[in-house]
Amino acid sequence: LVYGKSDNPSDHYFCGVSMDDAINKCATHCPSGMAADCPHGELCFFDVYACNVKNMITPTLWPTYTPPTGSPFSGPTKIPTEMPIPPPEPLDYPSDDLTDHWFCGGSLAGANMECKQHCPTAMECPMGQICFFGTTCDARTHTPTPPPTRRPTKPPTEFPTLNPTVSASPTDKPTETMPPSNEPTEQIPTRSPTQTPTKRPTY
């Protein structure tokens with residue numbers, strides 16, 4: 001605490017409804033010496049030596065509490081990062097399919113420069129252009145959409161399957177056959193057992 005008179009007279013300017021009230025409270029300091037620094041209805045009194053602004057306790061703000069952060073998260077973030085995506089690895093050139101390098105153009109140099117219209121069947125070029133073979137363009141990367149597969153093949157099966165033979169469904173009842181007879185079958189003799197003799201002898 002600071003006792004006695006201060007070197008700055010304004011340190012003893014305090015508000016109150018009266019001098020005694022200002023001495024008893026030492027509540028509101030009025031450094032300008034004007035009632036405008038005081039609450040409504042109070043005046044600014046000078047030479048209030050019982051009060052000194054240097055003895056007033058300046059209120060401190062409570063420290064802000066910052067919650068601890070969790071462990072670092074290595075998973076994907078909701079906000080995309082600005083890190084550029086590296087380009088894909090280059091494809092083998094030329095392609096195994098030579099038609100991947102067939103492109104339209106007014107000249108070979110123009111086709112190589114634009115790489116715009118792919119002509120896998122040599123019939124896709126607009127009027128005024130022709131399909132050039134062996135260009136530096138690649139349909140796998142230089143077209144907006146990958147071309148359809150031109151030679152779809154299925155891997156051969158090791159053991160080809162034969163079409164199954166459709167058999168008739170079995171009947172519920174067995175087929176009935178005639179039982180063999182004990183008596184031999186009699187043959188009826190023919191009326192003409194021998195041929196009619198010829199009129200002329202045979203040699």
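Cys51 is buried, at 2% relative accessibility, where buried denotes under 20% relative accessible area, exposed over 50%, and partly exposed in between (1.4 Å probe, protein chains only). The model is predicted, so that local features need pLDDT of at least 70 and side-chain atom pairs count only at pLDDT 80 or more, whereas totals for chains, interfaces and linings use all residues. Residues are numbered from 1 along each chain as its sequence is written, and side-chain values use heavy atoms, with hydrogens and water left out.

Cys51 forms a disulfide with Cys26, with an S to S distance of 1.6 Å; a disulfide is here a pair of cysteine sulfur atoms within 2.5 Å. The link of Cys26 and Cys51 is left-handed, with -75° about the S-S bond. Distant parts of the chain are linked by this pair, 25 residues apart: Cys26 is in the loop between α1 (19-25) and β2 (43-45), and Cys51 is in the loop between β2 and β3 (103-105). Helices (H or I, at least four residues) and strands (E, at least two) are DSSP runs, numbered from the N terminus. Cys26 counts as partly exposed, at 24% relative accessibility.

A disulfide also joins Cys30 to Cys44, with 1.9 Å from S to S. This disulfide is right-handed, because the torsion about the S-S bond of Cys30 and Cys44 is about 85°. The pair links distant parts of the chain, 14 residues apart, with Cys30 in the loop between α1 and β2 and Cys44 in strand β2. Cys30 and Cys44 are both buried.

In the disulfide of Cys104 and Cys125, the S to S distance is 2.0 Å. The torsion about the S-S bond is about -90°, and the disulfide of Cys104 and Cys125 is therefore left-handed. Because Cys104 lies in strand β3 and Cys125 in the loop between α2 and β4, the pair ties together parts that are 21 residues apart in sequence. Both Cys104 and Cys125 are buried.

By the distance rule, six disulfides are counted. With bonded cysteines counted along the chain, the disulfides of the protein chain follow the pattern 1-4, 2-6, 3-5, 7-10, 8-12, 9-11.

Ala122 is located in the loop between α2 (108-114) and β4 (130-132). With a relative accessible area of 37%, Ala122 is partly exposed. Residues up to four places away in sequence not being counted, Ala122 touches Trp102, Cys131 and Phe133, contact meaning heavy atoms within 4.5 Å. The C-alpha atoms of Ala122 and Phe103 are 8.3 Å apart in space, and the two residues are 19 residues apart in sequence.
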